[in-house]
Amino acid sequence: MVFRFWFHRTCLTLGLQVGILPCVNKVREIIKRINIKGSVYFNEPMANHTTFQVGGPAEVFIRPETTEDVVTIHELCRSEGIPLFVLGGGANILVSDKGVSGVVLDMTSLDWIEQQGSNLLVGAGTPVSKASAHAADRGLGGFDFIYAMPGSFGGAVWMNARCYGSEMIDILTEVTYLDSYGTIQKMKPDPTEFAYKDTPFMKKDWIILSGTLGLRPDQPDQLWKSMKDFEEDRRTKGHFFAPCAGSVFKNNREFGSPSGQIIDSLGLRGTKRGMAQISPNHANIIINTGNARAQDIYLLMQEVQTKVREHRGFELEPEILLVGDWD
Ligand SMILES: Cc1cc2nc3c(=O)[nH]c(=O)nc-3n(C[C@H](O)[C@H](O)[C@H](O)COP(=O)(O)OP(=O)(O)OC[C@H]3O[C@@H](n4cnc5c(N)ncnc54)[C@H](O)[C@@H]3O)c2cc1C
C-alpha cells in the first residue's frame with residue numbers, strides 16, 4: 001500500500017496519471033472473475049474516449065453501471081494490485097500511443113441529476129454541460145459558467161474546473177467519494193483547500209461518485225443568454241474547430257501574461273509536428289488535425305516548453321495530464 005501510494009504520488013509529480021505495477025499480465029483472467037452490471041472490454045482504443053481522439057488501447061476498459069459496480073472493481077484492483085485509472089469525459093488527458101496497462105474505469109454511465117430545492121445533486125459521469133442546461137431550465141443559476149465545456153462532473157470537481165471568472169468550488173457544497181480503502185465517504189469541501197487547478201482530490205486516489213451544487217433562483221432565459229454567449233466565445237476561440245483537450249499549459253500570474261500570449265509572442269502559433277498543430281486560433285491549444293499520434297502532441301508540448309524557457313526563462317506547467325505507458 002505504501003509503495004502504491006508512493007508510486008501514485010510520484011506519477012502525479014511527473015505529470016503521469018497511472019501507476020504501472022509489475023503484475024498486470026494476468027489482469028484479464030482476474031477481471032473475468034468480477035460480477036458487475038456494467039460492461040467490460042479488452043484492448044479498447046482510448047482514442048474513442050478522449051477529446052484529442054488519440055491514445056492506444058486500454059488493457060481492460062470497464063464501464064460500471066452503478067456505485068456498487070465501482071466499489072466491486074475498486075476492491076478487486078486494490079486486492080490484486082492492478083493499476084486503476086478513473087476516466088471522465090477524457091477532455092483533459094493525453095493518452096500514450098502504447099495505451100494504458102491495467103484497468104480504465106469509465107465513469108460516464110453514472111449520469112444522473114436530481115434536484116432538491118435549489119440544490120442539484122449530480123452523478124460523477126454526467127457531462128457538465130448537460131447539468132448546466134438542466135439547472136438553467138429549472139431556473140437555477142450559478143452553474144451557467146461551465147456550459148459548453150467538455151468533460152464530466154467528476155472530472156470538473158477533481159481539478160476545480162474554471163472558466164469565465166467562476167470555478168467549481170464556488171458552488172460545490174458536498175462530494176461523495178470512494179476512499180483509498182473502498183469506503184464511501186462524504187465531505188463538505190473546504191474552499192481554502194481549493195485553488196486554481198488544485199484540489200484535495202488531485203493528491204489522493206479517491207473516486208468521486210457524485211456532488212451537490214448549491215445554486216440560486218434565476219431566470220431561465222437570462223441564464224440561457226449568458227450560456228449561449230459562453231458557447232459562442234468558445235467557438236470563436238476555436239475550441240470546437242478540431243479535436244483538442246483545451247488549454248495545454250496552466251496560466252501563471254507571475255509570468256505577466258496568459259500562456260497563450262507568451263507562446264504566440266514567440267511565433268509558435270500554427271507550428272506542426274506530424275498531424276499535431278498549435279491551433280491557428282489559440283496558441284495555448286494543440287489540435288489533432290487528422291491522425292495525430294500522442295507522441296506528436298507530446299513532442300510539440302516539449303518544443304513549446306523549451307522555446308519559452310530559452311526565450312523567456314519561464315517553465316510552463318502542463319495542464320493536460322499524461323496518461324498511460326510513456327517511455
Ligand atoms: C474544447 C475544450 C475546452 C476546455 N475548456 C476548459 C475551461 O474553460 N476550463 C477548464 O477548467 N478546463 C477546460 N477544458 C479541460 C476539461 O474540459 C476539464 O479539465 C474537465 O474538467 C475535464 O473533465 P473530464 O471528465 O474530461 O476529465 P478526464 O479528462 O477524463 O480526467 C481528468 C482527470 O480527472 C480525473 N477524474 C475524472 N473523473 C473522476 C472521478 N469521477 N473521480 C476521480 N477522478 C476523476 C481523471 O482520473 C484524470 O486525472 C477544456 C477542454 C476542451 C476539450
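In this predicted model, 16 residues of domain 1 are in contact with 14 residues of domain 2. On the domain 1 side of this contact, helix α3 is the main contributor, with six residues. The class make-up of that side is five nonpolar, nine polar and two charged residues.

The domain assignment divides the protein chain into three parts, listed below.

| Domain | Residues |
|---|---|
| Domain 1 | 2-109 |
| Domain 2 | 113-236 |
| Domain 3 | 253-323 |

**The ligand shell**

Why does the shell around the ligand lie between domain 1 and domain 2? Both domains give residues to the shell, so it lies between them. There are 32 residues around the ligand, and those that come nearest are Gly88, Gly151, Gly154, Gly155 and Gly246. By class, 19 residues of the shell are nonpolar, 12 are polar and one is charged. Four elements, namely β3 (84-87), α5 (153-158), β9 (162-163) and β13, each supply at least two residues of the shell. The largest share comes from α5, with four residues.

**Strand β3**

Strand β3, one of the elements that supply the shell, pairs with strand β5 (residues 100-106) in the parallel sense, over four bridges. Within this pairing, Val86 is placed opposite Leu105 of β5. In a regular strand, side chains alternate between the two faces of the sheet. In β3, Leu84 and Val86 lie on one side, while Phe85 and Leu87 lie on the other.

**The five-stranded sheet**

Strand β13, which also supplies residues to the ligand shell, belongs to an open sheet of five strands. The order of this sheet is β6-β7-β13-β11-β12, and the pairing is antiparallel. Its edge strands, β6 (113-116) and β12 (184-187), each pair on one side only. On average, neighbouring strands of the sheet are turned by 15° against each other, direction ignored.

Strand β7 (residues 119-123) and strand β13 (residues 207-214) run antiparallel and are joined by five bridges. In this pairing, Asn119 has Gly214 of β13 as its bridge partner. Helix α3 (residues 67-80) packs on the sheet and touches both β11 (172-178) and β13. The direction of α3 makes about 145° with that of β13.

How values were computed:
Residues numbered from 1 in each chain as written. Predicted model: local features only at pLDDT ≥ 70, side-chain atom pairs only at ≥ 80, totals over all residues. Pairing = 2+ DSSP bridges. Axes fitted to C-alpha atoms, helices over the stretch in contact; angles between N-to-C directions. Contact = placed C-beta atoms within 7 Å. Near = placed C-beta within 6 Å. Nonpolar A, V, L, I, M, F, W, Y, C, P; charged D, E, K, R; others polar. Domains from an automatic or database assignment. Buried ≥ 20, exposed ≤ 12 C-beta atoms within 10 Å, placed from the backbone.
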